[in-house]
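Look at the sequence and the model below.

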Amino acid sequence: MALSVSSLAAALSHLSLPSTSTSTSKPHQASLLRLHPSTSRRAVSLALRASAAEAAEPAEADLPAEEVVAVEEEAEEDAVSGFALRKYVKQRLPGGFAAQRITATGRRKTAIARVVLQEGTGKVFVNFRDAKEYLQGNPMWMEYCKVPLVTLGFENNYDVFVKVHGGGLSGQAQAICLGVARALVKISTASKVPLRSEGLLTRDTRIVERKKAGLKKARKRPQFSKR
């Protein structure tokens, strides 16, 4: 059953909305909600939705101290990520990846990773993003990025900056591992022996065999029927 404008005005008159005026001498009156006969029902429904949204939104002052701290920490994390993180990486790499002193390239499957090492605290950035975010929090893939550093005991001495493309995340993580190992050899040739003994300087050339014409996959073929 459709409601008339007068009944809606009577219902809205019981609501108390905060005053938008800056002066404190004039108290807010319910007469602000009086509707003109020409007011459309759409405007009335929008006013009701706005008042309901304001009532459902909790004020920050009403939140406990612990929740306020958590909200502030989330805001700080959002500020570091995204555009701010990209700007931070560019500041650490003046001139781009090619202009850096300690660079190396790692490959695995169809993935190619360009790695830059700088003195730092052990942070890893991949394609202007945090490695944990880029590698979807996979512990094995994240471990690939730091295996050469952990082998030499430098996991907290260098920051790793990576630009990688091609392949999947697994192949990219292994390409980063090879690139980091090669960059460490550029820093000190004495690192070559322990890294070589762990197999971290060996390029894994295995790759998916291509599909052949007439076959279902690389080697799988349709069933043979003699008659």
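A residue is called buried when its relative accessible area is under 20%, exposed when this is over 50%, and partly exposed in between. The model is a predicted one. Cys 145 has a relative accessible area of 1%, so Cys 145 is buried.

| Residue | Relative accessible area | Class |
|---|---|---|
| Cys 145 | 1% | buried |
| Cys 177 | 8% | buried |
| Tyr 158 | 13% | buried |
| Gln 118 | 16% | buried |
| Phe 154 | 29% | partly exposed |

**Cores**

The largest nonpolar core has 32 residues, and the members that touch the most others are Leu 117, Val 126, Val 160, Val 162 and Leu 195. At least two residues of this core come from each of strand 2 (111-119), strand 3 (124-126), helix 5 (131-134), helix 6 (139-152), strand 5 (158-165) and helix 7 (169-187). With 10 residues, helix 7 gives the most to this core. Another core, of eight residues, lies apart from it; Leu 93, Phe 97, Val 116 and Phe 128 are among its members.

Leaving out residues up to four places away in sequence, Val 162 touches Phe 97, Ala 113, Arg 114, Val 115, Phe 125, Val 126, Asn 127 and Ile 176.

**The hairpin**

Strand 1 covers residues 103-108. Which residues make up its covered face, and which its uncovered one? Ala 104, Gly 106 and Arg 108 are on the covered face, while Thr 103, Thr 105 and Arg 107 are on the uncovered face.

Strand 1 pairs with strand 2 in the antiparallel sense, over six bridges. Gly 106 has Ala 113 in strand 2 as its bridge partner. The two strands form a hairpin with two residues between them, and in the turn Lys 109 has a positive phi of about 55 degrees.

**The cysteines**

A disulfide is a covalent bond between the sulfur atoms of two cysteines. How many disulfides does a search of the whole structure find? The search finds zero. For Cys 145, the closest cysteine sulfur is in Cys 177, 8.0 Å away, and this is too far for a bond. The cut-off for a disulfide is 2.5 Å between the sulfur atoms. Seen from Cys 177, the closest cysteine sulfur is that of Cys 145, at 8.0 Å. Cys 145 is buried, and Cys 177 also counts as buried.

**A buried glutamine**

Gln 118 lies in strand 2 and counts as buried at 16% relative accessibility. What does its side chain reach at 2.7 Å? The side chain of Gln 118 reaches the backbone oxygen of Arg 92 at that distance. The side chain of Gln 118 also makes a polar contact with the side chain of Gln 100, at 3.4 Å. Not counting residues up to four places away in sequence, Gln 118 touches Arg 92, Leu 93, Gln 100, Asn 157, Tyr 158, Asp 159 and Phe 161.

**Aromatic rings**

The count of aromatic pairs comes to four. In the pair of Phe 154 and Tyr 158, the ring centres are 5.9 Å apart and the planes stand at 65 degrees, so the pair is edge-to-face. Phe 154 is partly exposed, whereas Tyr 158 is buried. Tyr 88, Phe 125 and Phe 161 form one aromatic cluster.

Note on methods
Residues numbered from 1 in each chain as written. Predicted model: local features only at pLDDT ≥ 70, side-chain atom pairs only at ≥ 80, totals over all residues. Heavy atoms only, no water. Core = buried A, V, L, I, M, F, W, Y, C linked by side-chain atoms within 4.5 Å. Buried < 20%, exposed > 50% of the residue type's maximum accessible area, 1.4 Å probe, protein only. Helix = DSSP H or I, 4+ residues; strand = E, 2+ residues; numbered from the N terminus. Contact = heavy atoms within 4.5 Å. Pairing = 2+ DSSP bridges. Polar contact = N/O pair within 3.5 Å; in protein donor to acceptor, adjacent residues only side chain to side chain. Phe/Tyr/Trp six-rings, centres within 6.5 Å; stacked < 30°, edge-to-face > 60°.
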